[in-house]
Amino acid sequence: MQKIRKGDLVQVVSGAGSAKAVQGRVIAVDVERGRVRVEGVRVQTRHLKPGRSAAREGGIVTSEGFIDASNVMLVNPADSKPSRIRFEHRDGKRVRVFVRGGGVVPEPAGA
């Protein structure tokens, strides 16, 4: 089980987007590399020629890039502040719990 999952609300605390304290949903998680893609953070622009396989028509395509998972923290919905998380066994299940406050992390909507 991973600490950050697709659909979680996170805040960027270091690196790209940290100066603005950006919060956003996790779009994708790369478990092997330990990286996450957050909406609105590290937006990259590509100029594509017409006829490429991914885009039949040419143009400018923008998409979010990956950032390291250590640079983001889950946002506690109780107070909208970032918090570390830990794993606990509750009712025979392994659940994610916020260190600050002790509440169970809600299941992501997008997952």
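Modeller: Asn76 counts as buried because its relative accessibility is 8%, and buried means under 20% relative accessible area, exposed over 50%, and partly exposed in between, with a 1.4 Å probe and protein chains only. Asn76 is found in strand β7, where a strand is a DSSP run (E, at least two residues), numbered from the N terminus. The side chain of Asn76 reaches the backbone oxygen of Arg100 at 3.3 Å. This is a polar contact: a pair of N or O atoms within 3.5 Å, where one atom must be able to donate a hydrogen and the other to accept it, and where residues adjacent in sequence count only if both atoms are side-chain atoms.

The model is predicted, so to speak of local features a pLDDT of at least 70 is needed and side-chain atom pairs count only at pLDDT 80 or more, while totals for chains, interfaces and linings use all residues. Residues are numbered from 1 along each chain as its sequence is written, and side-chain values use heavy atoms, with hydrogens and water left out. The pLDDT is the predictor's confidence in each residue, from 0 to 100. The average pLDDT of the chain is 88, and 94% of the residues score at least 70.

Asp79 counts as partly exposed because its relative accessibility is 33%. Ser80, at 46%, is also partly exposed. The phi of Ser80 is near 55°, a positive value in a residue other than glycine. Most residues other than glycine have a negative phi. Between the C-alpha atoms of Asp79 and Gly51 there are 48 Å, although the two residues are 28 apart along the chain.

Arg96 lies in β10 (residues 93-98) and counts as buried because its relative accessible area is 3%. A polar atom of the Arg96 side chain lies 2.7 Å from the backbone oxygen of Lys3. Strand β10 pairs with β9 (residues 85-90) in the antiparallel sense over six bridges; two strands pair if DSSP finds at least two bridges between them. One of the bridge partners is Phe98 in β10, for Ile85. The hairpin of β9 and β10 has two residues between the strands, and Asp91 there takes a positive phi near 55°.

Now the start of the chain. Strands β1 and β2 run antiparallel and are joined by three bridges. Leu9 stands opposite Arg25 in β2. In the loop between β1 (9-12) and β2 (23-30) is Val13, which is partly exposed because its relative accessibility is 37%. Val13 and Val72 are 59 residues apart along the chain, with 5.5 Å between their C-alpha atoms.

Strand β2 also pairs with β3, in the antiparallel sense and over four bridges. Opposite Val26 stands Val38 in β3. The hairpin of β2 and β3 has four residues between the strands, and Gly34 takes a positive phi near 70° there.

Arg42 has a positive phi of about 55° although it is not a glycine. With a relative accessible area of 39%, Arg42 is partly exposed.

The last stop is strand β6 (residues 66-68), where Phe66 lies. Phe66 is partly exposed because its relative accessible area is 23%. From Phe66 to Lys20 the distance is 18 Å, C-alpha to C-alpha, and the two are 46 residues apart in sequence.

To put the side chains together, Asn76 is buried at 8% and Arg96 is buried at 3%. Asn76 reaches the backbone oxygen of Arg100, and the side chain of Arg96 has the backbone oxygen of Lys3 2.7 Å away.
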